[in-house]
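Here is a short report on one protein model.

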Amino acid sequence: MTGNSWLSLTVVCVAQFVVVLDATIVTTALPAIGRDLGFAPAALTWVVTAYTIVLAGLLILGGRIADLAGSRRLFRIGLFVFTTASLGCALAWSPGALIGARLVQGAGAALLSPAALAVLTELMPPQSRRKALGWWTAAAAGGGASGWLLGGVVTELAGWRWVFAVNVPIGVAGLLAAFAVMPGRGAVLARRPLDVPGAAAATTGIAVLTLALAQLAAAPAHWSGWTLLTASLIAFTWFVRVERRAARPLIPGRLIRTPGVVVGNVTAAALTGSTSPATITVTLYVQQTLHLSPARAALLYPAFNLAVIGGSLLSGRAADAVRPLLLAGFGGIVGGIVLLLALPADGVPVALLLSAFVAMGTGLGVASVASTTAGTAAVPEADRGVAAGLLNSTAQLGTALGLAVATPLVASTAPMTGYRLGFAVAGLVALAGAVGACSGQVRARLGLLPARSATGQPEGSE
């Protein structure tokens, strides 16, 4: 890769890091935010939910806009919106102001994230694309994992407003660098109208489904969650009907038929659906049962963060064998979760926690690169943005679904029993992802053979 390519890769990786970071870094700051701004206890979770709902709902639309308007142009626009909204979050004076700024921040992230992946695949030469995907995936996975560490440390040492304010200098530097090393608009399709009805249906369905899962996690028996779930199914049915009739659909049928796209999205959902509830359950365990402060608890997470990054880079250098990498990655996640099931009710089991984090983090990093490669490698240039948006959307939905299933179980019984139920759910999701991705029968039915590598050549190692 040229020097300019490396600079461009650095810019998009840093942007993706902060986008994913902001979905988790806020969690440990919630009690301080609630006390300072006077949030009602039931409304406090909206600080997290507002961001994730908008992000998940607009990712596919953001990807298609990147294809139509130019990936580099949309990258800069998305980064500007995200940075400005982060400043608004830091300066928020009331619960409404903070939630409103988080909604705008989620919209900026939804424009930024698919554009970043489209820029990466556009600028990287084929022989370097696999390695670049490893770095990009390491940045994304590291951002999600680092939120648990940085949230506690920043909140305790500098205050909760700096959880958001830290994005501002990073965003400004990223914008200046983007104008310098990524001039122009990037690849632009021929002028054609956007599929507005399809975009509205997809955005509504994903946003309402994410909201439904969040509501069901908080109150499984309440009618509102089930009503929202029904509404999301209606929206998805409408989306399918619109797409079948559209002359230029938001998600082209050829994209779903592209080798690797289905398996990439299935595994992306399984990865976040297993690791997110496992990590949150560990956070509850160390703070509520072991009674560690947020800053002390955060000291346990660097092992997970470094393992995620190391696994991503290791996978990025490996041969283009997607199925073995997915199997190895999910195996590491399951192994780490098995260790978590052995956590005791007292003491601070540092060695056990660190071993679980290393196994789970390495597996997440390895499988994330394989999943991203499967979901984007063979996608034609005209669909790269929407493919990236679809991949990120399924990852967000995986997180929401995993939490919706695990959270009520964790809270419904005695603490240690609840923690183990949460870990068991996470392990079952990981096993399901491995079976769905690696079963030859399933892959054949989905038309995923032969898979293609990041260079566009058929894989010979499988």
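## Thr272 and its surroundings

Beyond its neighbours within four places in sequence, Thr272 is in contact (heavy atoms within 4.5 Å) with Pro277, Thr394, Ala395, Gly398 and Thr399. The model is predicted: local features need pLDDT of at least 70, side-chain atom pairs count only at pLDDT 80 or more, and totals for chains, interfaces and linings use all residues. Residues are numbered from 1 along each chain as its sequence is written, and side-chain values use heavy atoms, with hydrogens and water left out.

Thr272 lies in helix H12. Helices here are DSSP runs (H or I, at least four residues), numbered from the N terminus. Thr272 counts as buried because its relative accessibility is 18%. The cut-offs are under 20% relative accessible area for buried and over 50% for exposed, with partly exposed in between (1.4 Å probe, protein chains only). A polar atom of the Thr272 side chain lies 2.6 Å from the backbone oxygen of Ala395. The side chain also reaches the backbone oxygen of Ala269, at 3.3 Å.

## Nonpolar cores

A nonpolar core is a set of buried Ala, Val, Leu, Ile, Met, Phe, Trp, Tyr and Cys residues joined through side-chain atoms within 4.5 Å. The largest one has 41 residues. Val282, Val286, Phe330, Ile333, Leu340, Met360 and Phe423 touch the most other members. Helices H12, H13, H14, H15, H16 and H18 each give two or more residues to this core. H16 gives the most, with nine. Apart from this core lies another, of 33 residues, among them Leu59, Val119, Ala139 and Met182.

Take Val282. Leaving aside neighbours within four places in sequence, Val282 is in contact with Tyr301, Leu340, Leu353, Phe357 and Phe423.

## A nonpolar surface patch

Leu401, Val405, Leu409 and Leu421 make a nonpolar surface patch of about 290 Å². Patch residues have over 30% relative accessible area and no salt bridge, and nonpolar side chains (Val, Leu, Ile, Met, Phe, Trp, Tyr) are joined within 5 Å. Helix H17 (residues 384-412) supplies the largest share, three residues. Leu421 is found in helix H18. Leu421 counts as partly exposed because its relative accessibility is 31%.

## One salt bridge

How many salt bridges are there? The count comes to one, taking a side-chain nitrogen of Lys or Arg within 4 Å of a carboxyl oxygen of Asp or Glu. The side chains of Asp36 and Arg161 meet in this salt bridge, at 4.0 Å from N to O. The pair links distant parts of the chain, 125 residues apart: Asp36 in helix H2, Arg161 in helix H7. Asp36 is partly exposed at 45% relative accessibility. Arg161 is also partly exposed, at 28%.

Definitions and conventions. Patches are made of residues with over 30% relative accessible area and no salt bridge: like charges are joined within 9 Å, nonpolar side chains (Val, Leu, Ile, Met, Phe, Trp, Tyr) within 5 Å. Accessible areas come from the Shrake-Rupley method with a 1.4 Å probe; for residues, only the protein chains shown count as cover. A polar contact is a pair of N or O atoms within 3.5 Å; within protein, one must be able to donate a hydrogen and the other to accept it, and residues adjacent in sequence count only if both atoms are side-chain atoms.
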